[in-house]
Amino acid sequence: MTLALQLGIIVGYLLLALAVGLVAYRLTERTAEDFYLASRTLGTIVLLFTTFATLLSAFTFFAGPNLAFLHGPEWILVMGVMDGLIFAVLWYVIGYKQWLLGQQRGYVTLGEMLGDRFGSRRLRGLVAGVSLMWLFPYVMLQQVGAGTALEALTDGAIPYAGGAGLITLFMILYVVLAGFRGIAWTDTLQGAFMLVTTWVALLWVLAAVGGPTAATTELEATASEHLALGGAYYSPQFVLSTAITIGFGVAMFPQVNQRFFAAGSKAVLKRSFALWPVLCLLLFVPAFLLGAWARGLETGISVAEIEAGGNVLPLILAEFTPTWFAALVIAGAMAAMMSSSDSMLLSGSSYFTRDLYRPFVDATLSERREDTIARLGVVVFAVSTFLASLYNAATLFDLGNAAFSGFAQLALPVMVALYWRGTTRAGITAGILGSQAFYLASVFLPFVPGSYGGWSAGLVGMGLGLALTVGVSWLTAPAATEQRAIYFEALEAD
């Protein structure tokens, strides 16, 4: 009976999200721009919450609490405070200029914008290829999170592959049917739902254990080092490296970056980034505190279990809250993972069709045909990441951190191109290729260090990308096909 109740709540919630997608499908125009950007008509609340829900991933709900359980609650400082502020600033510094260009020149993807600016089909393909490469492990992360969460919640009755397969099936159905409009609507629902249920979960657990003072006392008795700021794990270099690479990486995530183009007006865009840090604190504080306090509570959760790939959040909910509520929170978390995955699949599809298929395969591709190919691309990408997730041995943090740092390598070359007229095609290409090669070597080659004096290779790679972009641009002349004057006239017209 318990298993049936858990499954009923989870599947019921996912079906509700699918129903919203079906309603949106009836209102969606059969054009690529509507499928990808909802015809650039989003208002403040929907833009804010669809961006918010897009980032409510397995990294938030499982990797974050796991880190707080293992190393202490300072993860709130990294994700809840520093990243909230960093991304809000980048939303203005990068996002506003992208929105201006999108309004005037109809861009849908980052690669499309840069390819047009520098008159380069190859640069457009490079940006798309790099983005798809790093998008793959992050979509896979959602499937890994769903599989491990359902397995833990049902005490193994639903195997890992079953949970990962369930979310994959729903996100394929949802994205193929709904497009960006349905995703944005459901994201708004899911973002609000997760804010409420996460706070209720925190209050419920605290009520069960005697309040925050009792929980903190138990944590001090079990792991007193968690109550001291910093320590061996949360060194200043680690905190700054992680906050910067995640903040800049978020701005380059395809599903987030495309939302810069989707705002209905300048006022919508500005109100949204101003409210962003508040939303981050409201969600990350309760989620990460639950993970930290769980270390001191009598739950039977061991450090070895979490280090081996287990997730603390479903385990503590199963211990201190009723079955139906634990299932409801996990259903919401899975829906949040789906709200990340669906946006990633949609953005990945747009990068493939607009930046690879259209310029390199069929330049005369019609809007209707592009719409069809985009939906097929969603299916292929989702199935591929699901199959990879069945054989993946990396932790959620490792997968997420690699993707954030990989995307972060794009950020500074893009910022330089947006603000400096002297940026050349050779310069931005060198910046992207050099930083990506350096970071990939640090991830996959054992003899290349992963950190330098405590500073992560991801942050060092960002500095290398900046130096190459500026240095090579300084030494080279712009190509004849570059649209530099037109590009900056569009930015300065505001």
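Predicted model: local features only at pLDDT ≥ 70, side-chain atom pairs only at ≥ 80, totals over all residues.

The protein chain has a mean pLDDT of 82, and 90% of its residues reach 70 or more.

**Confidence by element**

- Among the elements of the protein chain, helix 20 comes out with the highest mean pLDDT, at 96.
- At the other end is helix 2 (residues 32-37), with the lowest mean pLDDT, 66.

**Helix 19 with helix 20**

- Two packed helices are described by the angle between their axes and the distance between the axes.
- For helix 19 (residues 425-444) and helix 20 (residues 457-475), the axes come within 7 Å and cross at roughly 160°.
- Angles over 145 degrees count as roughly antiparallel, so that is what helix 19 is to helix 20.
- The crossing of these two, helix 19 and helix 20, is right-handed.
- On the helix 19 side, the contact residues include Gly427, Gly431, Gly434, Phe438 and Tyr439.
- Helix 20 brings in residues including Gly458, Gly461, Leu464, Gly465 and Leu468.
- Sorted by class, the contact of helix 19 with helix 20 has ten nonpolar and ten polar residues, with no charged ones.

**Helix 13 with helix 15**

- Helix 13 (residues 266-294) and helix 15 (residues 312-320) have axes that come within 10 Å and cross at roughly 75°.
- Angles from 65 to 115 degrees count as roughly perpendicular, so helix 13 is roughly perpendicular to helix 15.
- Here Leu290, Gly291 and Ala294 of helix 13 meet Val312, Leu313 and Ile316 of helix 15.
- By class, the contact of helix 13 with helix 15 has five nonpolar residues, one polar and no charged.

**Aromatic pairs**

- How many aromatic pairs are there? The count comes to 19, with ring centres within 6.5 Å as the cut-off.
- One of them joins Trp204 and Phe325, whose ring centres are 4.8 Å apart.
- The planes of Trp204 and Phe325 sit at 35°, so this pair is tilted.
- Trp204 belongs to helix 8 (residues 160-209) and Phe325 to helix 16 (residues 323-360), so the pair ties together parts 121 residues apart in sequence.

Notes. Residues numbered from 1 in each chain as written. Heavy atoms only, no water. Axes fitted to C-alpha atoms, helices over the stretch in contact; angles between N-to-C directions. Helix = DSSP H or I, 4+ residues; strand = E, 2+ residues; numbered from the N terminus. Parallel < 35°, antiparallel > 145°, perpendicular 65-115°, else oblique. Contact = heavy atoms within 4.5 Å. Nonpolar A, V, L, I, M, F, W, Y, C, P; charged D, E, K, R; others polar. Left-handed = near helix turned anticlockwise from the far one by under 90°. pLDDT = per-residue confidence, 0-100. Phe/Tyr/Trp six-rings, centres within 6.5 Å; stacked < 30°, edge-to-face > 60°.
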